Amino acid sequence: MRLSRRALLAATTAATAASVSSPASAAPRPARLRTGFERLAADGYAPLDGQKVGIVTNPTGVTRDVRHIVDVMHADDRVNLTAVFGPEHGFRGTAQAGGSEGRYDDPATGLPVYDTYLKSGRPLADVFTASGVDTVVFDIQDAGARFYTYIWTLYDCMEAAQLAGKRFVVLDRPNPVTGRAALGPVLHEEFATFVGRKPIAQAHGMTVAELALLFNGEFLDTPVPLETVRMTGWKRSDLYDASGLPWVPPSPNMPTPDTALVYAGTCLFEGTNLSEGRGTTRPFELLGANGVDGRWAAAVNELGLPGVRFREAYFAPTFSKFQGQTIGGVQLHVHDRAAFDPVRTGIALLVTAKRTWSGFAWRADNWIDKLTGSTQVRTMIDAGAGTDEVVAGWRRELAAFRRVREEYLLYR
């Protein structure tokens, strides 16, 4: 990581006055959370005055009364919204994992919708140029894990906006699994993909506005003119239900905040031949495979992991791995959300699955290395390492990331 550009960040964030990010100690916590969009609208969209605006968003870009912000902004004469940019799953959310909606005109507003999925660098910059916007706004609910692709849509759009000569504004929303700490291994850059562009921790413990400041200060070769409209009323210890906001699934397999709570650990099973629960009503909370029995739940319960218990479970996915087959496995039951560590739990589940089920295998393409950010987790588990040994393997790199992360935190 390069040294932070503190002076640049101070210059780029000062321009939006009260609506732009400021230290968390600047004001007492109000009675309820207000999102970046709520503050932007209350300020009469002042940071967007005189600009042709395009917004990167998806179904999570909603108001407290579940109106989509694109519909709200389109109907408001105080802002000149001229384009929408859709990420993976699309702006209106009609596509499954690994899909998008393509280029079309939105039937509700008539606005042109441009597809950003799998575009980056100059090709994405050309999309922004073709749209004719002056300012690109980002408002998407994150899930708190490095491999959840919307934060890399954020990174790619920031880079492309800089190449296209556009301003960039990030409207903040809560990290649904708190912002207490960064957890897990840090990506090694030779393993960079769309599920991890840059070296951040597996559970980053940041909001999207904080990540935008980190990306701008540490990773972009040339920083983009960046403004962040921060929330009020959010504390780092807050889980999503403390926000009072409606939960809109940010992707088809993230149906509830409970899913997000476990996702940073159990998504690792995408890198194995076990089901990660896709095709069930509890994705990432149900894990299993054909031939797994109660020994797995017993083995992982014996570890006494904080905040979570495991139930022997049987289920039949309606799509994805083991479609239509009744398989055995475990269901996670988190009983103490403050004590629960999703990444450590995910590693413990991998270790015990390999030890109790003879059919355990990694995906042939070693996708687990892309998810964890290096070969370390896979090779250590293959060598017989236990949970504590695997977790200790990333301690130094995580400590280094935590030090860098601290410089960009907006809330306490």
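Visitor: What average pLDDT does the protein chain have?
Guide: The structure is a predicted model. Over residues 1-31 the pLDDT is below 50, although this stretch has 64 contacts in the model beyond near neighbours in sequence. Of the residues, 92% score at least 70, and the chain averages a pLDDT of 92.

Visitor: How many aromatic pairs are there?
Guide: Rings pair if their centres lie within 6.5 Å. By this rule, the count of aromatic pairs is 16.

Visitor: Are the planes of Phe37 and Tyr45 stacked, edge-to-face or tilted?
Guide: Both Phe37 and Tyr45 are buried, and their ring centres are 6.2 Å apart. Planes under 30 degrees apart count as stacked and those over 60 as edge-to-face. The planes of Phe37 and Tyr45 stand at 55 degrees, so the pair is tilted.

Visitor: How many residues apart are Phe269 and Trp296, whose rings also form a pair?
Guide: The ring centres of Phe269 and Trp296 are 5.8 Å apart with planes at 45 degrees, so this pair is tilted. Both residues, Phe269 and Trp296, are buried. Phe269 belongs to the loop between helix H7 and strand E10, and Trp296 to helix H8. The pair thus links distant parts of the chain, 27 residues apart.

Visitor: Which residue lies over the face of Tyr114?
Guide: A charge sits over a ring if NZ of Lys or CZ of Arg is within 6 Å of the ring centre and within 35 degrees of the ring normal. At 4.8 Å from the ring centre of Tyr114, the residue over its face is Arg103.

Definitions and conventions:
Residues are numbered from 1 along each chain as its sequence is written. This is a predicted model: local features need pLDDT of at least 70, side-chain atom pairs count only at pLDDT 80 or more; totals for chains, interfaces and linings use all residues. Side-chain values use heavy atoms; hydrogens and water are left out. pLDDT is the predictor's confidence in each residue, from 0 to 100. Contact means heavy atoms within 4.5 Å. Rings of Phe, Tyr and Trp (its six-membered ring) pair if their centres lie within 6.5 Å; planes under 30 degrees apart count as stacked, over 60 as edge-to-face and the rest as tilted. Buried means under 20% relative accessible area, exposed over 50%, partly exposed in between (1.4 Å probe, protein chains only). Helices (H or I, at least four residues) and strands (E, at least two) are DSSP runs, numbered from the N terminus.
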